[in-house]
Amino acid sequence: MCFQVFVRKVIDLHDKYLGYVNDCFSNHTLFHKALKEAFEVFFNNGVAGSSSEELLATYFDNILKKSGSEKLSGEAVEDTLEKSF
């Protein structure tokens, strides 16, 4: 499912830039705010005719049901959910 790859890549991208904020900018709150706002703008735009909210909801629904193509352990599910909030 393509949406799962998209959401996983967005979470990975956020982790990457969060690492830059933490390591290169001394965890400065101004850079945290800029990162948050950038991802909010990105997610407020639709993707391929679907809203980002729909894609995220479907992705997390599949993870929680463990019926999707992405089978995760309980710890991996918790880690993924923490990263999203």
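Trainee: Which residues of H1 meet which residues of H3?

Mentor: A contact means heavy atoms within 4.5 Å. On the H1 side, Phe3, Gln4, Phe6, Val7, Arg8 and Ile11 take part, and they meet Leu55, Leu56, Thr58, Tyr59, Phe60 and Asn62 in H3. This is a predicted model, in which local features need pLDDT of at least 70, side-chain atom pairs count only at pLDDT 80 or more, and totals for chains, interfaces and linings use all residues. Residues are numbered from 1 along each chain as its sequence is written, and side-chain values use heavy atoms, with hydrogens and water left out.

Trainee: How do the residues of the contact of H1 with H3 divide by class?

Mentor: Ala, Val, Leu, Ile, Met, Phe, Trp, Tyr, Cys and Pro count as nonpolar, Asp, Glu, Lys and Arg as charged, and the others, Gly among them, as polar. Here the contact of H1 with H3 has eight nonpolar, three polar and one charged residues.

Trainee: At what angle do the axes of H1 and H3 cross?

Mentor: Axes are lines fitted to C-alpha atoms, for helices over the stretch in contact, and angles run from 0 to 180 degrees between N-to-C directions. The axes of H1 and H3 cross at roughly 95 degrees and come within 9 Å. Angles under 35 degrees count as roughly parallel, over 145 as roughly antiparallel, 65 to 115 as roughly perpendicular and the rest as oblique. H1 and H3 are therefore roughly perpendicular to each other.

Trainee: How do H2 and H3 pack?

Mentor: Helix H2 (residues 29-44) packs on helix H3 (residues 52-65) at an angle of about 95 degrees, and their axes are 8 Å apart. H2 and H3 are therefore roughly perpendicular to each other. H2 contributes Phe42, Phe43 and Asn44 to the contact, and H3 contributes Ser52, Glu53 and Leu56. By class, three residues of the contact of H2 with H3 are nonpolar, two are polar and one is charged.

Trainee: How many helices and strands does the protein chain have?

Mentor: Helices (H or I, at least four residues) and strands (E, at least two) are DSSP runs, numbered from the N terminus. The protein chain has four helices and zero strands, and its pattern along the sequence is α-α-α-α. Of its 85 residues, 24% are buried. Among contacts between residues at least 6 apart in sequence, 48% join residues at least 24 apart.

Trainee: How many aromatic pairs are found in the whole structure?

Mentor: A pair of aromatic rings is described by the distance of the centres and the angle of the planes. Rings of Phe, Tyr and Trp (its six-membered ring) pair if their centres lie within 6.5 Å; planes under 30 degrees apart count as stacked, over 60 as edge-to-face and the rest as tilted. The search of the whole structure finds four aromatic pairs. One of them, Tyr17 with Tyr20, is edge-to-face, at 5.6 Å centre to centre and 70 degrees between the planes.

Trainee: What is the phi of Ser26, and what is that of Asn27?

Mentor: Most residues other than glycine have a negative phi. Ser26 has a positive phi near 50 degrees, and Asn27 has a positive phi of about 60 degrees. Ser26 is exposed at 65% relative accessibility, whereas Asn27 is partly exposed at 43%.

Methods
Buried < 20%, exposed > 50% of the residue type's maximum accessible area, 1.4 Å probe, protein only.
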